[in-house]
Amino acid sequence: MAFTVLLTGSISLQAQQTDALAKIRSQVEQPEVEMHVRFLAADELEGRDVGSPGIEIAAQYLASYFRSRNLKSLPDAENYRQRVPFLQAKPPLQGELKIGKQSFTLSQDFVVRQGQNGSLQGSAVVLDWGTGAEVTADQVRGKWVIAKAGTEAGASPQAQLTASADKLKKLQELGALGLVELFHNQQRSWNQLAPYLSGSKFILGSSNAATPSTFPLIWLNDTNHSLHQSLKSQKRPQLSFSISGKEEQVLSSSNILAVVEGTDPELKQEYVMLSAHYDHVGIGSAVNGDSIYNGARDNAVGVTALLMAADYFSKNPPKRSVLLAAWTAEEKGLLGSRWFAEHPPVPLSQIIFNLNIDGAGYNDTTKVTVIGLERTEAEADLQAAAQAFGLEAIQDPVPQQNLFDRSDNVHFARAGIPAPTYSMGMTAFDAALMQYYHQPADEAESINFSYVSRYIQSFILAAEKIAGAAQAPFWRGGDKYEAAGNTLYNRK
């Protein structure tokens, strides 16, 4: 009797999945995929830069599409918009930094990532990484903190950049004067990174309104860690710092959020979050006479996948609820998704999985590259979804690039939510990829829409499988985010 029930249940599930496959094939069609990509990557949207009219057009396009499918909005996201406040900071024109007897030159030796015009002086405490576990109020109150950038040796530049936010929050709470992080990275040199850090920057504002970033954050070049060793040998070195000519402007943008409510009375309280960033880098240096960086691959294709998922699930709601999230300001440092993670309109513990969609492009149209494929229990479902549309799901081919922690999914992974990124087929960072990545050539006309349509179909099928699974997939044992997941979901 038990065997009969089990067999019947298995046949029923298989029939549901076969039915879903047929519906996705018929409902997710290439002409509509192409229409969305062409609109989002059109010259008229001028590369969808944060603060531009183009990104607002894209935001309205997404919100209108969600409304046309009668999707639910979320608390604090009226008309599907979760407002995200920013400060756009233009770099100082002049600056001085002196630690002990050593003087450093603005741009050449140090950059100001955060701070106001004026001067500050005081003694400094030199720590290893300056993380929360390492600092105490008595140790840092009224002092500058000098520490290595990041939280661990061998981290990517992106990981080092994003680690600063947690340090700043803790040090401000403890009453420190400011933070100087010593940059050292074998993946990217100071000369490569400094021009990026010296440019106009976006930072998150407060929940009420954007406020000036008064707490100083300085990055100082330390090519071989000799400076850190030298400063650590000194007892309370004196530090003086001054800048002038810096400007800040208050801006806002929006995450575009919507929900398809699940059909199961209990499981609908759980969310499978499908996410993609809809911003790009805007207008830049001309290449072959073209200065509009359209961002078709990065990430109009990903946003189109969200739109097609919204349409499909509005007609075929799964057991769990589906949360659709289009992030702003990914290109400014993963800021829109970070705002959501810090101001979630639903408890993060109810988001059981985040299937993010992002990438630099593709160089293999037989594959789907899932960054983090092997790290969660959804691996088999992701592989099966790709295979159903004649594609092969592969793992990250360049793990040394630490891509998992360089897209919007990382904020949710750190919170404990299983969060791989579903990317187009990439087997290497080669010329075929880089000719389009953050280049004006990344236009809709260069897209293989037959491949992209199958890729999007497989993404939706993967979401269908996860949203209908009897048990929510979790991290594989031993993953570095497993402990956070155990805490978030109260797992023993």
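Analyst: A salt bridge is a side-chain nitrogen of Lys or Arg within 4 Å of a carboxyl oxygen of Asp or Glu. Here the side chains of Asp479 and Arg375 form one, at 2.7 Å from N to O, and this pair links distant parts of the chain, 104 residues apart. This is a predicted model, in which local features need pLDDT of at least 70 and side-chain atom pairs count only at pLDDT 80 or more, while totals for chains, interfaces and linings use all residues. Residues are numbered from 1 along each chain as its sequence is written, and side-chain values use heavy atoms, with hydrogens and water left out.

User: Are Asp479 and Arg375 buried or exposed?

Analyst: Buried means under 20% relative accessible area, exposed over 50%, and partly exposed in between (1.4 Å probe, protein chains only). Asp479 has 13% and is buried, and Arg375, at 17%, also counts as buried.

User: How many salt bridges does a search of the whole structure find?

Analyst: The search finds 21. One of them joins Arg38 and Glu34 at 2.9 Å, N to O; these residues are four apart in helix H2, so about one helical turn separates them, where helices (H or I, at least four residues) are DSSP runs numbered from the N terminus. Arg38 is partly exposed, with a relative accessible area of 33%, and Glu34 is partly exposed at 22%.

User: What about Asp405 and Lys480?

Analyst: Their side chains meet in a salt bridge of 2.9 Å, N to O, and Asp405 is buried, with a relative accessible area of 4%.

Note on methods. Helix = DSSP H or I, 4+ residues; strand = E, 2+ residues; numbered from the N terminus.
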